[in-house]
Amino acid sequence: MTDATRPYPLDPLTPDEIEQAVAILTAAQNLGPDHRFAIVRLEEPTKTDMRGFVSGETIPRLAFLLILDRQNGSVFEAIVDLGAAIVTSWRRIPHDQAPYGQPPIIVEEFYRCEQIVKADPGWRAAVKRRGLTDADIELVQVDPFSSGFFDRDFERGARIVRAVSYWRGALKDNGYAHPIEGVVAVVDLIKNAVVDLVDEPDIVPIPRKSRNYHQDSSRPPRSDLKNLQIVQPDGPSFTVEGWRVTWQNWSFRVGFTPREGLVLHELGFVDQGRLRPILFRASVTEMVVPYADPTANHYWKSAFDAGEYGLGKLANTLELGCDCLGHIQYFDIPACDELGRPYIMKNAVCLHEEDYGILWKHNEFRAGIVEVRRSRRLVISFFATVGNYDYGFYWYLYQEGTIQLETKLTGIIQTAAIAPGQSYKWGGMIDDGLGGPTHQHFFNVRLHMDIDGGGNSVSEHEFVPRPWGADNPYGNVFDTTSRVLSRERDAARIADGTTGRFWKIANPTALNSVGTPTDYKIMVNPSPLMLAQEGSTVRYRGGFATRHIWVTQFDPAEKYASGDYPNVSAGGDGLPRYSAQNRVIENTDIVLWHSFGHTHICKPEDFPVMPVEYAGFMLKPTGFFAENRAMDVPAGQADASIDHRTPRKSGCCKSSGR
Ligand SMILES: [Cu+2]
């Protein structure tokens, strides 16, 4: 245990620590006004380090810093030991050698890109050919889109974005209703110049119909919605001490990184008086959105929103009553801006409880026993806005031991201008002259498993009908196959709903009440894989999305499904590379990675802002506990939220005789 003045080893860096890390590195490496702090975060201790910590060892507080020299494009990774006040590692990243790769796009580049584009005579001429005036250009929205990679001279080793533009009638006008088709400026953010310009010969008119969503501009709101309040008069059932949360036998620690956003550390469940580990660390390490339109404005679009922008860096400040309803506990996240100054991301992570319908129920008519329990779940979430899209990441913990991740996809779709009288070949029409290109969204969650501590193994199971025979005389028998995935290459797997294929993560040395290894199963949803062709650059860059399940032997250097530097990378890094080592993954320290997503065919209902689409998965106890672990949930605990002024002695959830 730590005292209150010292951070727990997994706690995010404090503002003071961020300031110290920046100062130590700046002095040691003589950093100047052109150096940018692309990422500053805790360099986390490993599971082994943490076991040492529990038995009394001290763990140094380390900061990881990613530095970009915007003068010459050099990139450096540094580790600073805060206790010793020294730089323990300073390494140049060979971004100029294949497979290349760049730090994420930083906020100042969003603004710089717009200035560079609008000052470029070629681009100005191209948009004027489409009917824009100098005054119109002032209001044009320029999106610095991560560029993808096609092995062209101006891409190799360069720090580029591809800029697409939108006409706007006013500053608050929704530009995505007015795409400027056929014009793409490739902007080199080190040379501060447009290095390539696409200006298609065929002019598609810019759709001018306004499609806005902000409150002053949209239709009058419906008037028949009554007030809904969530009341917890006795306060919430969770306890928060620093970054540690306990609730209904669950225990975990909140973490946060610039790239991943929310991280759950040391997630476990107290069972028979013992805290039993389940996950050492869980986070979404990448997501990619490849587009399926081959034309100039779209073929290269494949945003890797974690590695090319940073889900944590783009986290929203959440608002009570709007983003979150009920009794909310917010976490403010210490962060570092690109000039190396610490700041606080207010209300970036939200923690609250939700009623979730029925947990379990039985109505025994003979004896007159009616027992029903209401389910409560703990929600820990954050929202990131990456350009046009907004993504919510919601972890749910349930009282009987289930863990769920639900991602929420909303915001504004990418759009394309369509010539009058034509339909959109590569997507769906959403309004006159306006289409939405077909695309996919792939998330990848990294689950560093810790089922009951010790080594873990993953097994694959399927349901198969048993042939007729002496042991199946009525034809009703079917079997569940079981095979342990023993090597990494054998563990890059595809889901199959027709056979109900599923995977268990077990601790082979911890036996449960019926004598088998304790385990959890991962329940994956029907979910597409990458549909881009073998040999396409997006498939190579987003290789993690070609399989639903990957299992790797833990290596602290293997943190992200797409590798360390997906931005302007030729690809090949991340899970396909990790997995190709074919290490042993049986009864050892393993990481389970799951790719899941959504294939999005755009439709009128997606505009001007699309209603939330969901994707996700669950981890369920399947032999981890000795019985339904929620049998001890009390009856009637929801009554108070119905009417707390006159608490009922017995209510609908109570056992009642007839
Ligand atoms: Cu979409």
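## Terms and model

Two strands pair if DSSP finds at least two bridges between them. Strands (E, at least two residues) and helices (H or I, at least four) are DSSP runs, numbered from the N terminus. This is a predicted model, in which local features need pLDDT of at least 70, side-chain atom pairs count only at pLDDT 80 or more, and totals for chains, interfaces and linings use all residues. Residues are numbered from 1 along each chain as its sequence is written, and side-chain values use heavy atoms, with hydrogens and water left out.

## Strand β25 and its partners

Strand β25 covers residues 457-461. In β29, His-461 has Phe-502 as its bridge partner. β29 (residues 502-511) pairs with β25 in the antiparallel sense, over 5 bridges. Strand β28 (residues 483-485) is also an antiparallel partner of β25, over 3 bridges. Here Ser-459 stands opposite Val-484.

How many residues of β25 are buried? The count is 5 of 5, so the strand is largely enclosed by the rest of the structure. Buried means under 20% relative accessible area, exposed over 50%, and partly exposed in between (1.4 Å probe, protein chains only). In a regular strand, side chains alternate between the two faces of the sheet. Both faces of β25 are covered. Ser-457, Ser-459 and His-461 are buried on one side, Val-458 and Glu-460 on the other.

Strand β16 (residues 329-336) is mostly covered, with 6 of its 8 residues buried. β16 runs antiparallel to strand β17 (residues 342-364), and 7 bridges join them. Ile-333 stands opposite Met-345 in β17. The hairpin has 5 residues between the strands. Gly-340 takes a positive phi there, near 90°.

## Copper site

Which residues are the protein donors of the copper ion? They are Tyr-389 (OH), His-439 (NE2), His-441 (NE2) and His-600 (ND1), at 1.9 to 2.0 Å from the ion. Donors are N, O and S atoms within 2.8 Å of the metal (3.2 Å for Na, K and Ca); water is not among the atoms, so sites may look incomplete. Along the chain, the donor spacing reads Y-x49-H-x1-H-x158-H. Tyr-389 in strand β19 (residues 389-398) and His-439 in strand β24 (residues 439-449) link distant parts of the chain, 50 residues apart. Both Tyr-389 and His-439 are buried.

The site is irregular, with angles of 96 to 140° among its 4 donor atoms. Four donors count as tetrahedral if all angles lie between 85 and 135 degrees; four count as square planar and six as octahedral if opposite donors are over 155 degrees apart and all others between 65 and 115; anything else is irregular. Ideal angles at a metal are 109.5 degrees for four tetrahedral donors.

## Largest pocket

The largest pocket holds about 1000 Å³ of space. On a 1 Å grid over the protein atoms alone, a pocket is an open set of points where a 1.4 Å probe fits, with protein on both sides within 12 Å along at least five of seven lines; lining residues have an atom within 4 Å of a point. Grid points are joined across faces, edges and corners, and a volume is the space filled by probe spheres set on the points.

Of the 36 lining residues, Gln-141, Tyr-176, Thr-385, Gly-387 and Asn-388 are the closest to the centre. Elements that each supply at least two lining residues include α3 (107-119), α6 (305-309), β18 (369-386) and β20 (403-411). β6 gives the most, with 5 residues. The lining divides into 19 nonpolar, 10 polar and 7 charged residues. Ala, Val, Leu, Ile, Met, Phe, Trp, Tyr, Cys and Pro count as nonpolar, Asp, Glu, Lys and Arg as charged, and the others, Gly among them, as polar.

## Backbone details

Two cis peptide bonds can be located. One runs from Ala-98 to Pro-99, with omega near 5°. Pro-99 lies in the loop between β4 (86-92) and β5 (100-102). Another joins Phe-607 and Pro-608, with omega about 5°. Pro-608 sits in the loop between β33 (590-600) and β34 (610-621).

Val-568 is not a glycine, yet has a positive phi of about 55°. This residue is in strand β32 (residues 567-569). Val-568 is buried, at 0% relative accessible area. Asn-587 also has a positive phi, near 50°. Asn-587 lies in the loop between α8 (575-580) and β33, and is partly exposed at 39%.
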